[in-house]
Amino acid sequence: MCRMTLARFRWADIMTHMLEVLGRANSINVQKVMWCAAELDLAVTRHDIGGAFGGTDTAEFSKLNPNRQIPVLRDGDFALYESNAIVRYLCASYGAEWQPGNPKDFGTANPWMDWYLTTMHPPMTTLFWQLVRTAKADRDYAAISEAFATCRTYWAQVDRHLSERAYLLGSDISMADIPLGCSAYRWHGLDIDRPALPGLHAWYKRLCQRSAYRDHVMLPLT
């Protein structure tokens, strides 16, 4: 179980802990990192920063991430940004069982992680922002319809892949499952009429049985 504490954010605290995650809990990119850290049983202190909490426009944060986005990981005096890069770093450093040792499996894991980021994330973000963070009167229903149709196609692609395997790489869960796994919670939690995708749903239910997933991903959609 991840030994994680939530700290009131103060820049002076950043040097006092080994593993620090800067980012708010309701960010899907922060959730990737926190879920991964919990699976690896790492002691982590997460600081609320970004969104309504602010803090990304400071000079101190810009030194850690010039893009001024969350999450940022600090491991001692080492800082890293970009959520997929952080997940890969944590698995390589602390969780060999989550990083495929076979070069072919490792090669296969990375396209799934990056495919989520480049292909699935944009339309899922449209759906999430429109249906969760936008008042009904202000929603763009044409954008919602287009994003839903795109996501439905992409999730059907994932479903076909998962129809013959328990996880994205086969019988064992790995870092490949983390980005899409976070997005799957949103897909199943949004108020939309989802198609029946049995392979996808079975995989999602397996993820739901993991305490680290429940603790860090299955949070209220806000």
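User: Is Lys-32 buried or exposed?

Analyst: This is a predicted model, and in it Lys-32 has a relative accessible area of 0%. The cut-off for buried is under 20%, so Lys-32 is buried.

User: Where is Lys-32 placed, and which residues does Lys-32 touch?

Analyst: Lys-32 sits in helix α1, which spans residues 28–39. Leaving aside residues up to four places away in sequence, Lys-32 touches Ser-83, Asn-84, Val-87, Tyr-116, Leu-117, Ile-178, Pro-179 and Cys-182. The side chain of Lys-32 also has a polar contact of 3.2 Å with the side chain of Asn-29.

User: At what angle do α4 and α6 pack?

Analyst: Helix α4 (residues 103–132) and helix α6 (residues 177–189) pack at about 20 degrees, with 9 Å between their axes. An angle under 35 degrees counts as roughly parallel, so α4 is roughly parallel to α6. The crossing of α4 and α6 is left-handed. From α4, the residues that meet α6 include Trp-112, Trp-115 and Phe-128; among their partners in α6 are Pro-179, Leu-180 and Trp-187.

User: How do α5 and α6 cross?

Analyst: The axes of α5 and α6 come within 13 Å and cross at roughly 130 degrees. The pair is therefore oblique, with a left-handed crossing. Phe-148, Cys-151, Arg-152, Trp-155 and Val-158 of α5 meet Leu-180, Ser-183, Ala-184 and Trp-187 of α6.

User: Which residues of helix α7 are buried?

Analyst: An α-helix has 3.6 residues a turn, so residues three or four places apart point the same way. In helix α7 (residues 198–208), the buried residues are Gly-199, Leu-200, Trp-203, Tyr-204, Leu-207 and Cys-208. These buried residues of α7 pack against α1, α5 (141–162), α6 and α8 (211–216).

User: How many disulfides does the structure hold?

Analyst: The number is zero. To count as a disulfide, two cysteine sulfur atoms must lie within 2.5 Å. The cysteine sulfur closest to that of Cys-36 belongs to Cys-91, and at 3.8 Å it is too far for a bond. For Cys-182, the closest cysteine sulfur is in Cys-36, and that distance of 9.8 Å is also too far for a bond.

User: Are Cys-36 and Cys-182 buried or exposed?

Analyst: Cys-36 counts as buried, at 1% relative accessibility. Cys-182 is buried as well, with a relative accessible area of 0%.

User: Which peptide bond is cis, and which residues have a positive phi although they are not glycine?

Analyst: Most peptide bonds are trans, and most residues other than glycine have a negative phi. Ile-70 and Pro-71 are joined by a cis peptide bond, with omega about 0 degrees. Pro-71 is in the loop between α2 (59–64) and β4 (72–75). Arg-68 is found in the loop between α2 and β4 too, and has a positive phi of about 60 degrees. Glu-82 has a positive phi of about 80 degrees; its place is the loop between β5 (78–81) and α3 (83–94).

User: What are the relative accessible areas of Arg-68 and Glu-82?

Analyst: Arg-68 has a relative accessible area of 37%, which means it is partly exposed. Glu-82, at 40%, is partly exposed as well.

Note on methods
Residues numbered from 1 in each chain as written. Predicted model: local features only at pLDDT ≥ 70, side-chain atom pairs only at ≥ 80, totals over all residues. Heavy atoms only, no water. Buried < 20%, exposed > 50% of the residue type's maximum accessible area, 1.4 Å probe, protein only. Helix = DSSP H or I, 4+ residues; strand = E, 2+ residues; numbered from the N terminus. Contact = heavy atoms within 4.5 Å. Polar contact = N/O pair within 3.5 Å; in protein donor to acceptor, adjacent residues only side chain to side chain. Axes fitted to C-alpha atoms, helices over the stretch in contact; angles between N-to-C directions. Parallel < 35°, antiparallel > 145°, perpendicular 65-115°, else oblique. Left-handed = near helix turned anticlockwise from the far one by under 90°.
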